[in-house]
Amino acid sequence: MDLAGWLRRLGLEQYEAAFRENEISERVLPNLTAEDLKDLGVGMVGHRRMLLDAIAALRAQASAPTPLSDAPLATDKASKDTAERRQVTVMFSDLVGSTALSTRMDPEDLREVISAYQRCVAETVQGFDGFVAKYMGDGVLIYFGYPQAHEDEAERAVRAGLELVRAVGDLKTHAPLQTRVGIATGLVVVGDLIGSGASQEQAIVGETPNLAARLQGIAEPNTVILAEGTRKLLGNLFGLDDLGPKELKGIAGPVRAWAALRASSVESRFEALHTTGLTALGVSQRTGEPH
């Protein structure tokens, strides 16, 4: 395992020397605890959570069944055997106006801004058991439902998205920041290894990540946009604005999109999940008031 490459993919390459000096090997890495990380000098809570989530993914990968060593084409078959179909909610968040920021800010200041944004995203979504899968410049890809699974992944993702909008707006940086969030839910294949060497990663394959990214692309600043598949899992837990069908690049056919406005005032979670919203009673999902 390329430990230095693994840390770089997490955006935590500053800890490479500490890991090397303490002889953290591929064998030791899956057993590291939060206390171990503190001893290694990982002082920021967000960085420890990112490392612990990535370590949990390594353990999940290591515990997956593998074929016998003398089986033909063992490498290819191992990837297929460890993959599984799973329903996952995917969030894609993006920093608004990063190109404009880059034209007027010193590169070091811009780096600090983007790092602060990435830390904010990681700390916020991890509070809802989201898994930061990848940093892509000023964009962040997050999974809800992998490697940890809960029965309320869609709800967790939307709550995390709304909280992220607030948290990013509260950041004290060189410039005021805004974010856009896209969320989609669907069946994917998880566990396939893609790439090679330092760029190899365990990926989710399917339309859902692309849909989340496209929805983020049409979102207004400080807005959380949902696909229809996510909305169906929410009941009346949130106030939603129906944006109608949208044509999205790379997605076949129009996609109905919704903007998450706020958490519902319904006190009973059971009631919220089992209320249809638009029924013969004529209740608007956007306002929660009769027409």
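Two aromatic pairs turn up in a search of the whole structure; rings of Phe, Tyr and Trp (its six-membered ring) pair if their centres lie within 6.5 Å. F131, Y143 and Y146 form one aromatic cluster. This is a predicted model, where local features need pLDDT of at least 70, side-chain atom pairs count only at pLDDT 80 or more, and totals for chains, interfaces and linings use all residues. Residues are numbered from 1 along each chain as its sequence is written, and side-chain values use heavy atoms, with hydrogens and water left out.

**Aromatic rings**

- A pair of aromatic rings is described by the distance of the centres and the angle of the planes.
- Planes under 30 degrees apart count as stacked, over 60 as edge-to-face and the rest as tilted.
- The F131 and Y143 pair is tilted, because the planes stand at 35 degrees, with ring centres 6.3 Å apart.
- This pair links distant parts of the chain: F131 is in strand β2 (residues 131-136) and Y143 is in strand β3 (residues 139-144), twelve residues apart.
- Helices (H or I, at least four residues) and strands (E, at least two) are DSSP runs, numbered from the N terminus.
- F131 counts as buried at 11% relative accessibility, and Y143 is buried at 4%.
- Buried means under 20% relative accessible area, exposed over 50%, and partly exposed in between (1.4 Å probe, protein chains only).
- Y143 also pairs with Y146: the centres are 6.3 Å apart and the planes at 55 degrees, so this pair is tilted.
- Both Y143 and Y146 are buried.
- R231 lies over the face of W258, at 4.7 Å from the ring centre. A charge sits over a ring if NZ of Lys or CZ of Arg is within 6 Å of the ring centre and within 35 degrees of the ring normal.

**Backbone details**

- Most residues other than glycine have a negative phi, and most peptide bonds are trans.
- Y146 and P147 are joined by a cis peptide bond, with omega about 0 degrees. P147 sits in the loop between β3 and α8.
- E23 is not a glycine, yet has a positive phi of about 55 degrees. E23 lies in the loop between α2 (16-21) and α3 (34-39) and is exposed, at 66% relative accessible area.
- N222 is not a glycine either, and has a positive phi of about 60 degrees. N222 lies in the loop between α9 and β6 (223-227) and is partly exposed, at 31%.
- G206 is in the loop between β5 (201-205) and α9 (207-218) and is partly exposed, at 41%.
- G206 and G186 are 20 residues apart in sequence and 8.4 Å apart in space, C-alpha to C-alpha.

**Helix α8**

- Helix α8 (residues 153-169) has 17 residues and should span 24 Å at 1.5 Å a residue; its end C-alpha atoms are 24 Å apart, which agrees.
- The expected span is 1.5 Å times one less than the number of residues.
- Buried residues in α8 include E153, A157, L164 and V168.

**Cores and whole chain**

- The largest nonpolar core has 56 residues; W6, F19, L29 and L226 have the most contacts inside it.
- A second, separate core of 23 residues includes A57, V188, L248 and I251.
- A nonpolar core is a set of buried Ala, Val, Leu, Ile, Met, Phe, Trp, Tyr and Cys residues joined through side-chain atoms within 4.5 Å.
- The chain has eleven helices and eight strands.
- Of its 291 residues, 46% count as buried.
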